[in-house]
Amino acid sequence: MRLVVGYLATPSGEDGLALGAQLARSLGAQLDICMVLPPDRTVPARVPAETGYDDILASRAQRWLDEAKSSVPSDIDVDVHLSFHDSFAQGLLDEVTRLGAHAIVVGAAGDGLLGRHSVGSVSTELLHSAHVPICLAPRGHRHSSAKKIREVTCALGTRVGADVLLRTAVRTSKRMETPLRLVSLVELDPHHHLRDHRDTSESVRERAVAHAQSTLDEAKAALPADFPVSVTIADGDAVESAVRKLDWQDGDLVMVGSSRLAQPRRLFLGSTAAKMLRVLPVPMVVVPKQEFPNSE
């Protein structure tokens, strides 16, 4: 298994690299640190053309990659790659295809609060077009003291495609040898457009509990008898308040599925996952609508 880290020599790039190292160690995967430069970069007027500006830029980028590689713990198999493309996101997707990688890891955009996600243009493009899972590191994740993933949380909905997410989460937990927590988020806003007019907060919660129990039963059937799995119901007047009620610890990882609008084997960040990102203090993995080839 190989994981591609979309790297920049910035704090955000370090956040993504830290998550990539945690995932690689937990999964027994190789880490591929990739930097994408724009081709035929226009040389600034203040830089004489004969100085070989493009060569200088590429040389500096290679030094950044080498420094990033040297910062990765020695127990992780790591390589670096420099490529050129007009789009950083598409350049990463091309590297995934070339390397046969199974996921992309990126850090948050440059603004916002520590411990929170901020989705920039690159992440947005990946989240609406990638064919492999996208792993998002929150701001400041480079300061995490966790060596490996501690627990996998699977945020399950009731719509078509939840079974794909569940199977992926179960497979990931097995490979990482971590506990699996199944979470059902219940939005109790009586004006929510998905609610039946006859619903009450209690009837919505009862349905969520029943659904969570059925997913727990399915997950247990796919796991060894002694595999640690739990189920949690979190409710609130909005998705954000429900997420805040959950206990989060350093080393936790959340997995969510793609929107029903996603094309087959592609990602599309849904509204619930987007709301979760606003307040989630731990990394999130967005899984494609259909399963991708498994790798042992």
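Glycine 257 lies in strand S9, which covers residues 252-257, and this is where our walk through the structure, a predicted model, begins. With a relative accessible area of 26%, glycine 257 counts as partly exposed, because that value falls between the limit of 20% for buried residues and the limit of 50% for exposed ones. Once residues up to four places away in sequence are set aside, glycine 257 touches Leu165, Val286 and Val287. Alanine 273 stands 16 residues from glycine 257 along the chain, and the C-alpha atoms of these two residues are separated by 8.1 Å.

If we take the contacts between residues at least 6 apart in sequence, 76% of them join residues at least 24 apart.

The first helix can be followed from one end to the other. Helix H1 runs over residues 11-27, and its 17 residues should span 24 Å at 1.5 Å a residue, which agrees with the 24 Å that separates its end C-alpha atoms. H1 is mostly covered, since 13 of its 17 residues are buried. Leucine 27, which has its place in H1, is buried because its relative accessibility is 13%, a value under the 20% limit. Apart from neighbours within four places in sequence, leucine 27 is in contact with Met1, Leu3, Thr172, Arg175 and Met176. Glutamate 177 is 150 residues away from leucine 27 in sequence, yet their C-alpha atoms are 8.9 Å apart in space. Just after H1 comes glycine 28, which takes a positive phi of about 65 degrees.

Helix H3, made of the 12 residues 88-99, reaches 16 Å from its first C-alpha to its last, close to the 16 Å expected at 1.5 Å a residue. Its buried residues include Phe88, Leu92, Val96 and Leu99. The buried residues of H3 pack against S1, strand S2 (30-37), strand S3 (78-84), strand S4 (103-107) and helix H4 (121-127). Glycine 100 follows H3, and its phi is positive, near 70 degrees.

How many disulfides does the structure hold? The count comes to zero, where a disulfide would require a pair of cysteine sulfur atoms within 2.5 Å. Cysteine 135 is buried because its relative accessible area is 4%, and cysteine 154 is buried as well, at 0% relative accessibility. The structure also holds zero aromatic pairs, but a ring does take part in another arrangement, in which the charged end of arginine 181 sits over the ring of tryptophan 248, 4.8 Å from its centre.

The mean pLDDT of the protein is 80, and 77% of its residues reach 70 or more. Among the elements of the protein, strand S1 (residues 2-6) has the highest mean pLDDT, 96, whereas helix H6 (residues 201-222) has the lowest, 75. Over residues 42-47 pLDDT stays under 50, and the model has three contacts beyond four places in sequence for this stretch. Over residues 291-296 pLDDT also stays under 50, and here the model has 16 contacts beyond four places in sequence.

Key. Residues are numbered from 1 along each chain as its sequence is written. This is a predicted model: local features need pLDDT of at least 70, side-chain atom pairs count only at pLDDT 80 or more; totals for chains, interfaces and linings use all residues. Side-chain values use heavy atoms; hydrogens and water are left out. Buried means under 20% relative accessible area, exposed over 50%, partly exposed in between (1.4 Å probe, protein chains only). Helices (H or I, at least four residues) and strands (E, at least two) are DSSP runs, numbered from the N terminus. Contact means heavy atoms within 4.5 Å. Rings of Phe, Tyr and Trp (its six-membered ring) pair if their centres lie within 6.5 Å; planes under 30 degrees apart count as stacked, over 60 as edge-to-face and the rest as tilted. A charge sits over a ring if NZ of Lys or CZ of Arg is within 6 Å of the ring centre and within 35 degrees of the ring normal. The expected span of a helix is 1.5 Å times one less than its number of residues. pLDDT is the predictor's confidence in each residue, from 0 to 100.
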